[in-house]
Each structure stands twice: as C-alpha cells, then as structure tokens.
Amino acid sequence: MMFASALLLSSVVPVVLGQSAPPSKSTGKLPALGWNTWNAYGCNINEAKVLAAANQFVSLGLKDAGYQYVNIDDCWSNKSGRDPNTHRIVPDATKFPNGIGGLASQIHNLGLKIGIYSDAGTMTCAGYPGSLGNEMLDASTFGEWGIDYLKYDNCNVPANWTDSSSPPGGDWYNSNSALRYRQMGDALAAQSRPIQYEICIWGQANVWTWGARVGHSWRMSGDASPSWSYITSIIKTNVAHLNYTNFWAHNDMDMMEIGNGALTIQEQRTHFAAWAFLKSPILLGTDLSKLNSTQLAIIKNKELLAFHQDPNIGTAATPFKATSTAPTTSPPEYYSGASSKGTHVFIINTGSSTATKTFTLSNVPGLGTSGTFKIHDMWSGTDLSGTYSASSSFSVSVAAHDTVTYLLTKVA
Ligand SMILES: *[C@@H]1O[C@H](CO)[C@@H](O)[C@H](O)[C@H]1NC(C)=O
Ligand SMILES: *[C@@H]1O[C@H](CO)[C@@H](O)[C@H](O)[C@H]1NC(C)=O
Ligand SMILES: *[C@@H]1O[C@H](CO)[C@@H](O)[C@H](O)[C@H]1NC(C)=O
Ligand SMILES: *[C@@H]1O[C@H](CO)[C@@H](O)[C@H](O)[C@H]1NC(C)=O
C-alpha cells in the first residue's frame, strides 16, 4: 500500500494545490438512507439509544425498506481531549462503554452500517475534539473501528483556514474551506475500508462545484428545523444546483424532521417526497419508537424509495412548466424525472389552502407529444381510473403543503 509509510511517518496530510485523492467509488453511489442521533437527541446520546435505533430498523421493517446507516453525530468523544499518549480521539466511556468499535460490531451484526461525526476545525460544534491537523490519525482510527460513514462538520475553524473572499480565479476547489475537507478526503481515501464522506459545510464555498471531487454528499444549508419554512427554503436552494446531483454526488438537504415539532402530516409527506425526488440523503432524525403508522408508511413508501435508490438513474427530478400559462413560483411546484420504471411527476402545493393543480401531459419532459397514458399514484400504489392523451391536461386537488407523486406510463 502506497499510503502505509505515509501513515506511519505523520498524522498530518500535506495538502498541495492541485488534485486530491478522489472519493471511494465503493460507497456512496446512491444517496444514503439511514438515521442520525442529532435531531432526535442532540448531545444526549449513548450506546443504548444508538442500538435501539438499529434494532428498530429491523423490527419496524426499515432495514427491509433499504435503510442502512445508523449514524452518531456530535458529542460521542471524551470532551476533555485526546489521549495524551496516542493522541487519538477517545470515545466517552460513560456514553459508549464498549467503545465505538464495540458498538460498530453490534450494528454490523444486524446487517447495518455505522456512521460517525467529526469536524474540520479545532473543536466540534459542541466543543469536543476536532480533526483539523489530525486527519490521517482520525481517519485511520475510524477505519479501525469499522466506521462506514463520516459526517464532517464546519465549526471552530481557525481564522487562517477560512475564506474572506472568493479565491483567485473563483476556484473554490483551492479555497481554504475546500482544502480542509480535501485533507480529510485524502485521509479517508487512504483507508482500506470504504467510508462514505459527507461534507457538512452548510452550503458554503460553492461546495456543489467541487463536492463530488472530494466526497459523496455535501450539505446545502445550515441545520434543518422542523418547520415548513425550512422545507421550502432548502428546496429553493437545492433547485438552483440540481444538475450537480448524480451517482456519487448528492446535494444534501440535511437530516429528516419527520416525527419532530409540529409539522402537519401533509408537510411530513412533502418533506419525504422532496428529499426522495431531489435525491438528497435521507437520514431519519427522530426517536423511531414514537412514529405512528401514518408516519411509518410515509418513510417506508416503496415507490418513492425506489425512485431515490434507483440503481440505473442518478439524476434528480427537475422543475418543469406545467401548462403554457403556468406561473413561475418559488420554490417550483411541478417536477418531473426519470426512473427505471419510466417518467414521474411530483406536485407540491406550496400554498396554505387546498388548490387544484394542473399539468398538460405533453409538457412533461420525456413523455412525448403523442399517445395515451395511464397515471399511477406512488403514495397509494394504485392506478388512477381512465387514460389521458398527450395533449390533454390532468388536474388534481392537493391539500395545503401536500405533495402528489405519479408515474406516467404509455398504454397506446
Ligand atoms: C475522559 O478522559 C479523562 C482523562 O483520561 C478521564 O479521566 C475521564 O474518565 C474520561 N471521561 C470519560 C467520560 O470517558
Ligand atoms: C494556518 O496556521 C497553521 C498554524 O500556523 C498552519 O499549520 C496552517 O498551514 C495554516 N493554514 C493555512 C491555510 O495557511
Ligand atoms: C451545472 O450547471 C452549471 C451552470 O450552468 C455549469 O457551470 C456546471 O458545469 C453544471 N454542472 C454539472 C455537473 O453538469
Ligand atoms: C400520526 O401523526 C400525524 C401527525 O404527525 C397525524 O396527522 C396522523 O393522523 C397520525 N396517524 C395516526 C394513525 O395516528
């Protein structure tokens, strides 16, 4: 291994302008599906809570539905600092009595994967040891523990590692921000274990332009909140950069808030549908035991998950002009996209009352201008009655903040 000697010589990865090691192609082809501790528990985490989520993946049928990653967020390590001898980050022995490695084996034994968290600064957001300057040591520690996914945050960055203005030539790949993430990317690429890499850079440094050269997914914004305003604002942000999403390249709209706060069931449906059809990672963020059957049905919807996890088509759905006179809205309400099954249409009612939404079939990109189609409702898994010619329009009444999801198939 080329990197073995480098690993022994130094824990610091020398960064040179130019090219960094590309992220592993053995992981991260499809947007991650899983769970993360943060939105559910914040810093109040421990092995029992993480294992409970892993066991619920199995008992609630989430594992069978494709959910795989059980991810630990901030506050897992010993806050008083690194081991004075080995200089390694040490797990908090009270919260994680079997260490992270011991927890990783238990999660792997359930047929699942485990993720961990660190920070491209001197300390994490909650003040635990960060990885800046210790990338190789920390990546090899994570690899040894059996870690499959790293969320790498952006707090406590020394002033000389920030960017006060656009870098020379507007080349954000060579900005200080990108270099901090590239150092960890190089260190992860040097591990024998494939580790999916989430660049948690809050939409800074034009990350979508260089994210795929460094990691598998990148956050487009600051932290999510369980609010309709967050959902619409992140959809708007993401829609402006959708062409960067593809296999191994995921615009991350942040972790799920289904089950948290006071989102209506329609808003929770839109939350899930939009993350699925825009191909964002979907990391559940609630105490799974509290989800009711309606919420479970949303997050286990087979057809939306199949669109999200399509092995043949990596691109996201994109907005389209629904009728010749349709007004432009922000965020857009009408989206279409392709899957292995065919052509899909997704419609969000962004308004605060029930409204009729209409599209002309021939306006749907890829559908063509002739023929007859049937329309299948992905939420219910049933075909709507009747057929529609390409020149006809389809109308549906959509509740406030709800989303309808369709597959259109040519029948003649
Ligand atoms: C953190 O590390 C210190 C120093 O090694 C040790 O005394 C303490 O018990 C550790 N605390 C936890 C919760 O692991
Ligand atoms: C910031 O300062 C530290 C400590 O002097 C140095 O190791 C590091 O290379 C500097 N970072 C940049 C981007 O110049
Ligand atoms: C996305 O679109 C922008 C602006 O048109 C373009 O510069 C960029 O190369 C595109 N990226 C991809 C991955 O196609
Ligand atoms: C589940 O909770 C949502 C609110 O989050 C509610 O609208 C829905 O009716 C509940 N479903 C059941 C079966 O209780």
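The model is predicted, so local features need pLDDT of at least 70 and side-chain atom pairs count only at pLDDT 80 or more, while totals for chains, interfaces and linings use all residues. Residues are numbered from 1 along each chain as its sequence is written, chains are lettered from A and ligands numbered from 1 in the order in which they are written, and side-chain values use heavy atoms, with hydrogens and water left out.

- The protein splits into domain 1 (5-308) and domain 2 (318-410), with bounds that come from an automatic or database domain assignment.
- Taken over C-alpha atoms, the domain centres are 33 Å apart.
- Contact (heavy atoms within 4.5 Å) involves 19 residues of domain 1 and 24 residues of domain 2.
- About 1800 Å² is buried between the two domains, and carbon and sulfur atoms give 72% of that area; buried area is the accessible area (1.4 Å probe) that two parts lose on being put together, summed over both.
- Phe277, Glu303 and Phe307 supply 32% of what domain 1 buries against domain 2, more than any other three residues.

- The domains share 1 salt bridge, where the term stands for a side-chain nitrogen of Lys or Arg within 4 Å of a carboxyl oxygen of Asp or Glu.
- Arg269 and Asp402 join their side chains in a salt bridge at 2.8 Å, N to O.
- Between domain 1 and domain 2 there are 8 residue pairs in polar contact, both at pLDDT 80 or more. A polar contact is a pair of N or O atoms within 3.5 Å; within protein, one must be able to donate a hydrogen and the other to accept it, and residues adjacent in sequence count only if both atoms are side-chain atoms.

**Around ligand 1**

- Asn78, Ser80, Asp92, Ala93 and Thr94 surround ligand 1, each with a heavy atom within 4 Å of it.
- Asn78 places a polar side-chain atom 2.3 Å from an oxygen atom of ligand 1.
- For Ser80, a side-chain N or O atom is 3.5 Å from an oxygen atom of the ligand.
- Ala93 uses its backbone instead, with an N or O atom 2.9 Å from a ligand oxygen atom.

**Salt bridges in the model**

- The count comes to 10 salt bridges.
- One salt bridge pairs the side chains of Arg82 and Asp138 at 2.7 Å, N to O.
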